[in-house]
Amino acid sequence: MKTCRDISCKECSVRYSSIFCNSDSSDISLIEAAKSYRLYKKGEILFTEGTPARALLCIRTGKIKISQGGAYGREHIMALAAQGDVLGYRAILDDGIYSSTAIALEDSQVCFIPATVFSDLLKQNNGLALKISILLAAELKEANSKLIATAQQPVKERIAQSLLFMVKYYGFEPDGATINMVITREELANMAGTTRETATRMLYAMRDSGILGLPGKKITVRDIRLLEGLSHAEG
């Protein structure tokens, strides 16, 4: 991880796709004066579950996974994040402790806004507070959906939903078919709530059905309609 201060909030294009898109110049100046900017290599940890939440993280570039530890040390991937997303707001608003661990899935550029500064901005800016409320509501809805899916849906359906979730967040590479994210079979299994062996078996079954391609470590979607249909299959 490296630290520098060479990116201006006023000039950052990502600002306009983040929760700060409507913030006025005084708020942006406050953030600019307080923030730090860091570069993370793939696999580096941004913050760790159980540690104090000292900052709000704004992702400028890159891909991040948010996970929690489970039984027998197994990782459970709770969410994915990308450019323009913010992390750590729930911990700051709750008990000041990160409830998950954030790890870079690729080289990423991240800005850190001190928790005290973020809290002050929320008190002064009703629009920003509303955006955070919307994020919290969406987070709760997603968590409930995952809970139901894990309890009731077949593994193949959960794998299909996880792949579509990756497409939603990260899109495709220029070929329009390869998911723009390299993920291990273990990570995919942790997203879908299954074992690596089962996830691998499901991927090969989808490949043999003409839904996916599996070139190297990447995944291509050959038929998005079949994949979407599989994600809603029953039994």
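**Starting from one lysine**

Tutor: Lysine 156 is partly exposed, since its relative accessible area is 30%, and please keep in mind throughout that we are looking at a predicted model.

Student: Where does lysine 156 sit?

Tutor: Lysine 156 belongs to helix H5, a helix that runs over residues 155-170.

Student: And which residues does lysine 156 touch, if we leave aside its neighbours within four places in sequence?

Tutor: With those neighbours left aside, lysine 156 is in contact with Met202, Ala205, Met206 and Leu230. Lysine 10, by contrast, is 146 residues away along the chain, and its C-alpha atom is separated from that of lysine 156 by 45 Å.

Student: OK, so what about H5 as a whole, how far does it reach?

Tutor: H5 has 16 residues and reaches 22 Å from its first C-alpha to its last, which is close to the 22 Å expected at 1.5 Å a residue.

Student: Which residues in H5 are buried?

Tutor: The buried ones are Glu157, Arg158, Ile159, Ala160, Ser162, Leu163, Leu164, Phe165, Met166, Val167 and Tyr170.

Student: How do H5 and H7 cross?

Tutor: The axes of H5 and H7 come within 10 Å and cross at roughly 80 degrees. Because angles of 65 to 115 degrees count as roughly perpendicular, H5 is described as roughly perpendicular to H7. On the H5 side the contact is made by Val155, Lys156, Ile159, Ala160 and Leu163, and on the H7 side by Thr198, Ala199, Met202, Leu203, Ala205 and Met206.

Student: What classes of residue are in the contact of H5 with H7?

Tutor: Sorted by class, that contact has 9 nonpolar, 1 polar and 1 charged residues.

Student: Is H6 mostly covered or mostly open?

Tutor: Helix H6, residues 185-192, is mostly covered, with 7 of its 8 residues buried. Those buried residues are Arg185, Glu187, Leu188, Ala189, Asn190, Met191 and Ala192, and they pack against strand S5 (64-69), strand S6 (75-81), H5 and helix H7 (196-208). Just after H6 there is glycine 193, which takes a positive phi of about 75 degrees.

Student: You mentioned S6, so can we look at alanine 81 in that strand? Is it buried or exposed?

Tutor: Alanine 81 is in strand S6, and it counts as buried because its relative accessibility is 2%, where buried means under 20%. Apart from neighbours within four places in sequence, alanine 81 is in contact with Ile59, Gly62, Lys63, Ile64, Ile66, Leu87, Tyr169 and Tyr170.

Student: New topic: which residues have the most contacts inside the largest nonpolar core?

Tutor: That core has 40 residues, and those with the most contacts inside it are Phe20, Leu46, Leu56, Ile64 and Leu87. Apart from this core lies another, of 30 residues, and among them are Ala160, Ala189, Met191 and Leu203.

Student: What does leucine 87 touch, not counting residues up to four places away in sequence?

Tutor: On that count, leucine 87 touches Phe47, Ala55, Leu56, Leu57, Ile59, Ile64, Ile66, Ala81 and Ala102.

Student: And tyrosine 89, where is that one?

Tutor: Tyrosine 89 is in helix H2, residues 89-93, and it counts as buried because its relative accessibility is 8%. Not counting residues up to four places away in sequence, tyrosine 89 touches Leu56, Phe118, Ile132, Leu135, Leu136 and Glu139.

Student: What about leucine 130, is it buried or exposed?

Tutor: Leucine 130 counts as exposed because its relative accessibility is 53%, and it lies in helix H4, residues 126-152.

Student: Last one: how do H1 and H3 cross?

Tutor: The axes of H1 (residues 25-34) and H3 (residues 115-124) come within 11 Å and cross at roughly 175 degrees, which means that H1 is roughly antiparallel to H3. Their contact is made by Asp27, Leu30, Ile31 and Ala34 of H1 together with Val117, Leu121 and Gln124 of H3.

Key
Residues are numbered from 1 along each chain as its sequence is written. This is a predicted model: local features need pLDDT of at least 70, side-chain atom pairs count only at pLDDT 80 or more; totals for chains, interfaces and linings use all residues. Side-chain values use heavy atoms; hydrogens and water are left out. A nonpolar core is a set of buried Ala, Val, Leu, Ile, Met, Phe, Trp, Tyr and Cys residues joined through side-chain atoms within 4.5 Å. Buried means under 20% relative accessible area, exposed over 50%, partly exposed in between (1.4 Å probe, protein chains only). Contact means heavy atoms within 4.5 Å. Helices (H or I, at least four residues) and strands (E, at least two) are DSSP runs, numbered from the N terminus. The expected span of a helix is 1.5 Å times one less than its number of residues. Axes are lines fitted to C-alpha atoms, for helices over the stretch in contact, and angles run from 0 to 180 degrees between N-to-C directions. Angles under 35 degrees count as roughly parallel, over 145 as roughly antiparallel, 65 to 115 as roughly perpendicular and the rest as oblique. Ala, Val, Leu, Ile, Met, Phe, Trp, Tyr, Cys and Pro count as nonpolar, Asp, Glu, Lys and Arg as charged, and the others, Gly among them, as polar.
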